[in-house]
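Me: I have a chain to go through with you. Let us take it one question at a time.

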Amino acid sequence: MHKKILMTGASALILSAFGATASFAQEETLNEDILIVTGTRRTARSAAESPAPVDVISGDELINQGTTDMTDLIRLAVPSYNVNQQPISDAATLVRPANLRGLSPDETLVLVNSKRLHRAAVISFLGGGISDGAQGPDISTIPALALKRVEVLRDGAASQYGSDAIAGVLNFILRDNAEGSTFQARYGSNYDNGGDAYSIAANVGLPLGDIGFFNITGEYSETDPTSQSIQRGDAAALIAAGNTAVQDAVTHLDTDFAQTWGQPQTDDNIKVFVNTGVKFSETGELYAFGNYAQRRVEGGFFFRNPTNRGGVFAGPNVDPLTGAPDANGVPSVRVGDLSGDSIGDCPAGIPLTAGGGLLPDPGILGQVTADANCFSFVELFPGGFTPSFGGNLTDRSIAIGVRGEIDFGSGLSYDLSYKYGKNDANFFINNTINASLGPDTPTAFRPGGYTQEEDNINLDLAYGIPVAGFASDLNIAAGFEYRVESFTIRAGDPASTALGPLSAPSLAFPNGQGFSSSSNGFGGFIDSSAGTSRQSNVAFYLDAEADVTENLILQAAIRYEDFDSFGDTTNVKVGALYKVTPDFSIRGTYSSGFHAPTAGQANVTNVSTVFVGTVLADQGTIPLTSGAGQFMADFLVSQGRDRPTLGPENSDSFSGGVAFNAGPASFTVDYFNIKVTDRISLSESFDFSAALRTVAADNGVAVNAGDSTSQLLNALDAAGVLSAGDFAGSEDLTTFGFFNNDFDTRTQGVDIVGNLPFNVGTGSSNATLAVNYTKTEVIELGNISAGRLRQLEENLPSWKGNLTLNHQQGNISGLVRANYWGSFFEDHLDSNLAFPIEAGAEITFDAQLAYTFYDKFEIAVGANNIFNEFPDKNPFANVVGAKFPLTSPGGINGGFYYVRLTATLP
């Protein structure tokens, strides 16, 4: 097959007739096919001969960009890969969820050196609809300088690799050079609104005698936050009424806004990768690789309005003159009675009668302030407050193995390995309170954390069998995998979980004064929720592949997998490639697949602050297997609804494509169709208290209108209807959801890749076109809301693509790239269509100019989004101050300029 070649700087871009893209530092490499290890068990298989599309992106291409974040680098290289900023998205801000071919992040399998990369500990409870509840790997821990190449299999591959390989496979292949070193430093910033970023990185290859190599990469970076905000409407009204303290609500940034939207602050971002191997025989090798990474991420949360935030400021209607309770009175700011032995010593609330009803009555506020037994949070936060939330993240892994070949005629290749991975997320939340503690509350909390650990043992065998009449040996591969994963919840500090004297449940005085417990915004994990959950699985696979003729390649695979938690599954794959002519080929695959719930999804407990309709509220997530989860499942059945269950989701995938050359140009066109049934999802939020009241009424148990969840449980326990002890950890929740299998989808689309080399003067140039069309349809609705339905189907743009022009002229090289994102829909704030945004298409341009000197150094200057374009304005910006749609696929930060210096030494 013909290849189209372009030299750019120290690298060359190759686009094979089958759409595999790669950059290489050595010109002589251009005469060889691009060999791959992903999607095939056969050695020396080229990307051009793969029945499924495989993109190959070289490490040189990845480091020749303006960013070092791996999620953004893959987004630039693969049109069907999407990721956005995720501001104020709970833990999703810490590890941004990404989507391949319009599917959830944990429906894409990620490998490093062909071994499964462990998941991040973070679960994306707020993932923009598509990623809600996903728990995928964190590829941002991989430094670009550590990579030899990335192979992207755009096809289902569960029968080859196991759970998660529904949308495709990303395989990060580490550098293995035994000599030479590369050093790189870069600085960049947004055109305005912050975002300064710098990084330094180095890669060094060392020989281990003449039988091995040791390659190490290190990177350190920091990134400042950005703000694309306006003043919230309620905050602006408070300021206009005279409450200028609102401008001090945010403490982690220098801003007058009550709430900010943008990328978070990232500090001490350290990434280290090691790859090593030593030969012990002519064909045998001992190998090992591993990593360590850490970073601190901090972003903002929602503004707590000093007049109406429930459980903190919002009080009952009161008499406007005395502050005494009055159902027909005026709104108030809540007041707590600290006396501990009586009630009624303090006003029930401070009437909001000043400043047009937005400021507390100064006279009664003065009385409350002067009385040591009375307290209101407007004394500590007269302008309200905005928590800042973040996490200290660490990631580590080690893989060791032995591989080689035993000569049995055709040669039996083997690879036996063990890999361990661990990811920790330790959360913190500052500038907030535990309202139930009153004036004794701290303002900084450590609400606990999550840990994900995985152990993998793999044995892979392959043997070539000569078959009469075949153009190649029949490659037979078989293997075994044993995997254990565990998910740990660590309890928060005592203040983050405390049920203080002013707590919300309406119990006997002084424990029932309407103030919320736990750290506000992200409640601490209680002791009964802490602990470790484990699940394991064992798998066996068989794979066959051969060149039946010089023009026909066939492939088949079958895999059996058994989970101790969810049962077993068998999946298959068949594929074929036929070369009609040397310049025209067709290919296609069919595969079944699955994605099993993670130990975290099955057992996690979490409370997030979210918009429910148009109101800010706390929403819990609990295990479906918990007492409260099973109670709600029984209750739903009693109401005529299906019983929720949690098990693996299943998929059926079909792909078909063509590759052809038209003169000097080459093109690939691939269609894909992926049906996923029983998709794992966070359920709707159920009203726990209302369900308990219904059960009480059905069983003739008397309860009071103001009874809390815990009181309702105790009443039902006393009547023998249930055991309150089964609900430990859920007694403070009024609403919650859980992970379950909820709906079915069909995702289909087309990938188009084209490449055209051409010459300009004495230089060489290349044009590359990459376009993706993806459309998802929910074909079985389940219990998802109307807003989530539209997010699943329309939040990602159907069309995405880029056109890149490269030019090399002596020591000077240049790049210009046009990017296109089609229109998209956003259910702003997950408000279930209360704030629908229909956003239009967006076009941006990138440019870079580089100069090489002394043959070893290169300096490059460039800009992403060089004309500083932004998505359409948010028509509901006044609600919470977000200037643009938050899930904009092209980002919300505008233009970014950078300068980069690279040194390559022998």
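Me: How many disulfides does a search of the whole structure find?
Reply: This is a predicted model: local features need pLDDT of at least 70, side-chain atom pairs count only at pLDDT 80 or more, and totals for chains, interfaces and linings use all residues. Residues are numbered from 1 along each chain as its sequence is written, and side-chain values use heavy atoms, with hydrogens and water left out. A disulfide is a pair of cysteine sulfur atoms within 2.5 Å. The search of the whole structure finds one.

Me: Which cysteines form the disulfide, and how far apart are their sulfur atoms?
Reply: The pair links distant parts of the chain, 28 residues apart. One partner sits in the loop between β19 (336–337) and β20 (349–351), the other in strand β21 (residues 374–375). Strands are DSSP runs (E, at least two residues), and helices are too (H or I, at least four), numbered from the N terminus. They are Cys346 and Cys374, with sulfur atoms 2.0 Å apart.

Me: Is the link of Cys346 and Cys374 left-handed or right-handed?
Reply: Look at the angle about the S-S bond. For Cys346 and Cys374 it is -95 degrees, and the link is left-handed.

Me: Which strands stand at the edges of the five-stranded open sheet?
Reply: The order is β6-β11-β12-β9-β10, with mixed pairing. Two strands pair if DSSP finds at least two bridges between them. Each edge strand has a single partner strand, so one side is left without a neighbour in the sheet. The edges are β6 (54–58) and β10 (115–116).

Me: In β10, which residue is the bridge partner of Leu111?
Reply: Strand β9 (residues 108–112) and β10 pair in the antiparallel sense over two bridges. In β10, the partner of Leu111 is Arg116.
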